[in-house]
Amino acid sequence: MKKIRFFLLLFLVLFFFKLNAQLAPVRLQCEHLVNPLGMDAPNPRLSWQLEDPRKGAVQSAYQLFVGVDSIAVANGKGDIWETGKIQSDSVLVTYNGKKLQPFTKYYWQVRAWDQEGQPSERNQVASFETGMMGQQNWQGSWISDSRDIALKPAPYFRKEVELKKKIVSARAYVAVGGLFELYINGEKIGNHRLDPMYTRFDRRTLYVTHDVTAYLKEGKNAVGILLGNGWYNHQSTAVWYFDKAPWRARPKFCMDIRITYQDGSVETVSSGTSWKTTLSPVVFNSIYTGEHQDANLEKTGWCTAGYDDSKWANAKPVAAPSQNIVSQQLQPIRACEEIPAQSCKKFSDSLYVFNLGRNIAGVSKITLTGLPGTVIRVKHGERLYENGRVDQSNISVHYRPTDDQDPFATDIYTLKCGVEETFSPHFNYKGFQYLEIVSSKPVELTQNSVVGLFMHSDVTPVGKIESSNPVLNKIWEAANHSYLSNLFGYPTDCPQREKNGWTGDGQIAVETGLYNFDGITVYEKWLADHRDEQQPNGVLPNIIPTSGWGYDWANGPDWTSSLAIIPWNIYLFYGDSRLLKQTYDNIKRYVDYIDRISPENLTDWGLGDWIPVKSKANKELTSSCYFYADASILARAAKMFGKTEDAKKYSELARKIKEAINRKFLNTATGVYANGLQTELAAPLFWGVVPDGMKAVVAANLAKRVEADNFHLDVGLLGTKALLNALSENGYAEAAYKVASQETFPSWGWWIVNGATTLYENWPIDAKSDISLNHIMFGEISAWYYKALGGIRPDPDHPGFRNILLEPHFVKGLTHFEASHQGPYGMIVSKWSKGKRKITYQVTIPANSSATLTLPAGKLKEGNRPVGDNQFIKILRKEKSSITLSIASGNYSFTF
């Protein structure tokens with residue numbers, strides 16, 4: 001009997017241990033990054049997910065430990081901060097412990113308790129490391145090689161240092177006006193490209209932190225810097241006047257390398273006038289046009305110890321670009337994919353054209369052998385002339401060259417020695433599919449001589465779409481390619497013609513970005529750019545950052561509502577209100593400005609429904625809809641942050657705007673807005689302007705209008721944001737899918753069946769203007785796949801997908817569809833397929849979250865049981881055409 005009791009007790013212990021072992025906090029992040037270096041945030045955000053495969057799994061409590069001793073933290077002791085056990089399901093917590101010190105590595109751990117009060121046993125230890133934490137901690141001086149902004153070659157800088165002790169750790173903190181590459185003992189540090197990110201340099205300058213421990217050694221070391229112009233010293237001329245930017249100067253930098261030795265002592269190697277400088281083989285570099293290199297000017301060993309720099313000059317002291325030097329805390333730009341050429345056409349032994357097979361943003365890498373002094377010109381473009389050569393006419397239209405020395409989207413290389421050489425730009429990127437290589441002397445090239453490097457902010461993919469419609473799948477892929485091609489530390493419109501941070505394109509595409517990629521850090525940086533560019537009266541420019549261009553055209557609420565719409569979407573997708581709070585006063589100034597210039601609560605300030613198929617919507621209607629959206633977001637934010645008077649004021653303003661729009665544009669007898677165009681009906685529905693009692697009528701009119709247009713698009717930029725959503729959200733998902741799945745002009749599918757691998761700027765492929773072939777502005781369709789076909793939406797009352805709103809539409813044109821999204825709580829999956837007599841719907845709700853699921857009415861089962869028999873499912877309401885359920889975390893399979 002005692003043996004039986006012993007084994008029973010042992011079984012119970014092992015059983016409960018197994019349950020505990022299933023519960024684990026995972027994916028620990030600080031400031032939405034994994035183990036970041038160089039943090040400046042005094043109160044960083046700590047976040048995690050709960051891993052627990054059990055249905056109904058919920059975190060009932062958590063405890064955080066932060067300390068400088070990793071072993072102590074791993075054992076549940078934090079000498080910097082211990083929260084104690086907090087009864088909460090939150091997985092995003094702001095640090096509130098002792099004051100963080102600069103140059104310090106902190107370790108942290110979270111312990112979680114499940115719904116039964118059992119603690120997690122598998123607790124990871126993560127880290128974050130502080131950087132400067134203030135201007136006063138810099139020791140280096142700002143230096144350059146010259147003050148001549150017209151000087152074309154990029155400068156080298158070098159410094160030799162002798163380190164006499166055993167090194168434990170070393171960090172390089174590099175602040176730059178322009179761009180840089182760091183070298184130590186002959187090796188390039190890291191794989192970042194185009195660091196630091198583009199900002200309004202005279203108002204905010206970024207510094208980058210590198211772990212250089214492995215590159216330094218006891219004894220003699222050499223440190224080298226190569227500087228590039230970037231947007232800081234724009235030597236090319238185009239219509240946006242970046243060559244006239246108020247911050248413009250010769251590239252400059254300030255650096256501290258902080259070295260910690262085994263004995264605990266610290267030494268800092270800093271930039272100063274003792275550094276030596278000379279010109280590099282990069283004889284010209286422009287972020288906008290191209291890069292020129294002369295291999296004959298190479299200085300072999302320039303960044304190694306013992307190199308003879310006796311003929312180099314001393315660096316010059318210069319002023320800092322700004323007094324606001326802060327850490328760059330976002331995913332860096334990288335060359336994320338190497339794309340081999342798909343074909344090579346030889347016209348002669350000095351003229352070749354290569355095709356990558358897809359449109360990308362980035363650079364080319366050329367490997368070849370030629371006679372010394374041979375000049376290679378590599379021209380990039382998106383299309384070809386009929387004769388097979390590269391056509392740049394669609395992307396060079398805004399370039400205003402002053403001579404023939406800076407050809408558009410063209411790299412120029414001068415060969416050196418008659419052996420194999422490889423060239424690729426350091427400080428440039430382009431948008432292209434084709435390369436035309438012209439040489440001054442014969443060269444022999446093959447298909448393997450050229451690769452394309454796809455560059456972009458290296459944001460983690462978090463979404464996936466797969467369906468029975470191959471064109472739909474290709475549209476989703478094309479949208480992703482265009483989104484990434486236009487993400488370089490800020491969202492851009494196109495990677496070739498402009499590279500500008502157009503606010504309208506950015507706010508239209510934000511949901512597409514967030515469903516597919518973990519982009520919060522890029523958007524937080526871009527909204528800081530917004531705050532830097534906003535004028536005291538509240539006005540924003542249409543491109544951000546800007547040299548000063550764009551404050552007086554195309555910068556109305558339909559574009560610069562990015563200031564409100566993006567922070568609001570970040571809050572919805574991440575459950576993180578910090579960006580909205582940081583930007584609150586800016587949104588308020590902006591809304592107040594529009595209010596001042598709009599005494600009738602209507603505004604026609606803006607660019608309107610840009611690049612429509614044929615019909616142009618009423619601009620006052622669309623701009624006023626965005627004015628309403630801004631006021632509504634501001635009112636919600638005010639309520640969230642306890643600003644009671646503001647909440648009342650802007651709720652009332654939103655009500656007045658809504659009434660003014662409906663009074664002027666809505667025909668209450670017919671349910672038609674303005675002239676009844678697709679955008680004119682869709683925008684009021686999408687932005688919530690339509691009175692509740694009129695929604696069904698207006699939606700029916702929109703469906704009729706779409707049918708009258710043969711289920712094809714007749715919208716521009718603003719309409720593509722609203723149209724599909726307005727239809728599917730108001731009972732017309734079938735009509736929306738018919739529009740979305742068209743393969744004849746005008747449609748997204750029309751581009752794809754005609755060979756597009758990215759989204760275009762204009763609906764006609766042969767348009768005479770506005771025809772970039774890599775634009776994200778019409779990319780809302782990708783987000784619509786998640787929202788309508790997958791039915792996945794964040795719940796504003798429980799943001800960050802703490803509660804998921806699920807309402808998939810099983811449209812007739814598809815036999816199966818799957819959408820997945822990795823949200824702050826884990827992976828969400830919405831997957832359905834059709835059989836002969838039933839639809840199977842499978843859904844995954846991550847641990848510690850829940851979902852509100854709406855499905856069509858019918859004989860609904862989960863597994864083999866009626867839904868009412870499942871303890872993890874509650875029926876919220878039954879209606880004639882639908883049933884709404886509340887479901888706990890877990891995996892489910894519904895049939896009906």
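Strands β1 and β2 pair in the antiparallel sense over 5 bridges, where two strands pair if DSSP finds at least two bridges between them. Helices (H or I, at least four residues) and strands (E, at least two) are DSSP runs, numbered from the N terminus. The structure is a predicted model, in which local features need pLDDT of at least 70 and side-chain atom pairs count only at pLDDT 80 or more, while totals for chains, interfaces and linings use all residues. Residues are numbered from 1 along each chain as its sequence is written, and side-chain values use heavy atoms, with hydrogens and water left out.

Within this pair of strands, P25 stands opposite L50 in β2. Of the 7 residues of β1, 6 are buried, so the strand is largely enclosed by the rest of the structure. Buried here means under 20% relative accessible area, exposed over 50%, and partly exposed in between (1.4 Å probe, protein chains only). The loop between β1 (24–30) and β2 (45–51) contains E31, and N35 lies in the loop between β1 and β2 as well. E31 has a positive phi of about 55° although it is not a glycine, and N35, also not a glycine, has a positive phi of about 45°. E31 is buried, with a relative accessible area of 11%, whereas N35 counts as partly exposed at 38% relative accessibility.

Most residues other than glycine have a negative phi, and most peptide bonds are trans. Two cis peptide bonds are described here. One runs from D195 to P196, with omega near -10°; P196 is placed in the loop between β12 (187–188) and β13 (205–211). Another joins F745 and P746, with omega of about -5°, and P746 lies in the loop between α15 (733–740) and α16 (748–753).

Strand β12 also belongs to an open sheet of 6 strands in the order β12-β11-β14-β9-β17-β20, with antiparallel pairing. At the edges stand β12 and β20 (313–314), each with a single partner strand, so one side of each is left without a neighbour in the sheet. Strand β11 (residues 179–184) pairs with β12 in the antiparallel sense over 2 bridges. Across this pairing, the bridge partner of Y183 is K188 in β12.

Among the helices, the axes of α6 (residues 520–533) and α8 (residues 562–574) come within 11 Å and cross at roughly 155°. Axes are lines fitted to C-alpha atoms, for helices over the stretch in contact, and angles run from 0 to 180 degrees between N-to-C directions. Helices α6 and α8 are therefore roughly antiparallel to each other, a term for angles over 145 degrees, with those under 35 counted as roughly parallel, 65 to 115 as roughly perpendicular and the rest as oblique. In the contact, I520, Y523, W526, L527 and H530 of α6 meet S562, L563, I566, P567, I570 and Y574 of α8, contact meaning heavy atoms within 4.5 Å. By class, the contact of α6 with α8 has 9 nonpolar, 2 polar and no charged residues. Ala, Val, Leu, Ile, Met, Phe, Trp, Tyr, Cys and Pro count as nonpolar, Asp, Glu, Lys and Arg as charged, and the others, Gly among them, as polar.

Helix α10 (residues 619–640) contains S623, which is buried, with a relative accessible area of 0%. Not counting residues up to four places away in sequence, S623 touches P557, D558, T603, D604, W605 and G606.
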